[in-house]
Structure formats: C-alpha cells, structure tokens
Amino acid sequence: MKTIAEQFYEYGVVPVVVLEGAEDALPLAQALTEGGLPCAEVTFRTEAAEESIRRMREKYPDMLVGAGTVLTTEQVDRAVKAGAKFIVSPGFDPEIVDYCLGKEIPVFPGCTTPSELAQAVKRGMKVVKFFPAEQAGGVAMIKAMAAPYNTVKFMPTGGISAKNLKEYLEYDKILCCGGSWMVKGDMIRNGEFGKIKELTEEAVKLAASIRK
C-alpha cells in the first residue's frame with residue numbers, strides 16, 4: 001500500500017479544484033481519472049466541497065481525494081466524514097495540525113517561512129505545502145528553506161502552470177506541485193470536461209518527462 005506522499009510523487013501534479021456545484025464532482029472525477037490523474041484537492045472555499053468529496057469517493061473509491069483550504073477543525077471533521085484522505089491548509093495553523101496529527105489524519109500545512117517550517121519539523125512532519133508558491137519566492141525560496149531543514153519535502157501551490165512546472169519538479173526536495181491550470185473554474189462551469197481530460201493528460205506527460 002503506497003503512502004499518500006508516495007502517490008503524490010508518482011503523480012507529480014495534484015489538481016486543486018474549486019467546485020461551485022456538487023453536480024460537477026463526478027464528471028470532473030471521471031475527466032481526471034481518464035486523463036491519468038486520479039487525484040484531487042477539493043478546496044473548502046465553497047459550500048459544495050463536502051458533498052463533492054463524498055460523491056467522488058463513493059463513485060471512485062480508489063481516487064486520492066483530499067480537502068484543501070481547510071481553516072477549522074470542524075472542517076477537518078466534515079471533510080474526513082465525507083471521505084477526504086488528506087487535509088491541506090493554506091498556512092501553518094497549530095490547532096489544525098495538532099488536531100490532525102492526534103487523529104492520524106494526513107495533513108499538509110502551508111509553510112513559507114523558516115519559523116513555520118521549524119514548527120512542522122518539531123512535530124515530525126516530512127511534507128509541507130508551500131503557498132502561495134510564486135508570490136512567496138518560488139523555487140529559490142524553497143531551496144533556501146530546504147538547506148537547513150533537509151528532511152522535509154515541499155508541495156508548492158500557487159502560480160504554477162505547464163510553463164514553470166519543470167523548474168519546480170526538477171528540484172529533488174519538491175514532492176509534487178498543486179495546480180489548477182487543468183481544472184480552471186470556468187472550464188468546470190462550462191462543462192468542458194473533455195478539455196479538462198486533455199489538459200490533464202498533457203500535465204501527466206509533462207510531469208513524467210521531467211522526472212524520467
């Protein structure tokens with residue numbers, strides 16, 4: 001049984017999804033799965049997130065579905081009850097991190113400073129999110145932070161696309177990249193699931209070519 005971190009590394013890219021309506025969850029899950037990325041971080045920015053996760057996990061039980069933009073422990077409970085396999089938070093919130101660790105729920109908090117990273121390392125964490133990646137200094141900042149904390153791997157998200165994916169994935173401390181370029185909100189709203197599948201396939205090929 002592969003760990004979630006191992007699966008993230010294998011995919012190279014994790015689609016970060018915002019769903020306005022739960023009715024879009026299944027066609028999106030199908031497009032991602034058929035495109036070669038049976039994985040999604042469904043952000044808790046909308047009311048549809050919880051139900052979307054539930055539908056995805058029921059129809060695609062092997063799909064790696066997690067909850068992103070988790071800001072409270074109450075959201076952690078709702079996400080896990082719906083079937084989320086992992087929790088992602090935009091920043092390092094000690095309450096959320098400790099709550100998840102205490103319940104053995106995989107959690108990936110956002111860390112963009114050495115102080116935040118130190119708090120993660122102190123708790124024995126091996127993988128953290130780096131958000132917003134481009135705005136926070138990109139690969140150069142990750143390399144600077146990874147130097148003293150060389151046991152940690154990063155999942156950068158924010159401003160990453162097919163254009164700069166290579167720059168990130170070539171660095172060995174980067175586990176995978178979160179991205180929304182293959183699952184943009186307007187594509188989901190317009191029902192362009194065929195296009196999402198195509199962009200997903202391209203992202204999979206690109207990640208594989210970088211890490212060959």
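In which sense, right-handed or left-handed, does helix 3 pass helix 4? In this predicted model, the crossing of helix 3 past helix 4 is right-handed.

**View 1. Geometry of the pairing of helix 3 with helix 4.** Helix 3 spans residues 49–59 and helix 4 spans residues 73–82, and their axes come within 8 Å of each other while crossing at roughly 25°. Because angles under 35 degrees count as roughly parallel, this crossing makes helix 3 roughly parallel to helix 4.

**View 2. Residues at the contact of helix 3 with helix 4.** On the side of helix 3, the residues that take part are E50, I53, R54 and R57, and they meet R78, A79 and A82 of helix 4.

**View 3. Cysteines C39, C176 and C177, shown without a disulfide bond.** The count of disulfides comes to zero, the criterion being a pair of cysteine sulfur atoms within 2.5 Å. C39 takes part in no disulfide, and the cysteine sulfur nearest to it, which belongs to C176, lies 7.5 Å away. C39 has a relative accessibility of 0% and therefore counts as buried, the limit for that class being under 20%.

View 4. With a relative accessibility of 0%, C177 counts as buried.

Methods:
Residues are numbered from 1 along each chain as its sequence is written. This is a predicted model: local features need pLDDT of at least 70, side-chain atom pairs count only at pLDDT 80 or more; totals for chains, interfaces and linings use all residues. Side-chain values use heavy atoms; hydrogens and water are left out. Axes are lines fitted to C-alpha atoms, for helices over the stretch in contact, and angles run from 0 to 180 degrees between N-to-C directions. Helices (H or I, at least four residues) and strands (E, at least two) are DSSP runs, numbered from the N terminus. Angles under 35 degrees count as roughly parallel, over 145 as roughly antiparallel, 65 to 115 as roughly perpendicular and the rest as oblique. A crossing is left-handed if the near helix is turned anticlockwise from the far one by less than a right angle, and right-handed if clockwise. Contact means heavy atoms within 4.5 Å. Buried means under 20% relative accessible area, exposed over 50%, partly exposed in between (1.4 Å probe, protein chains only).
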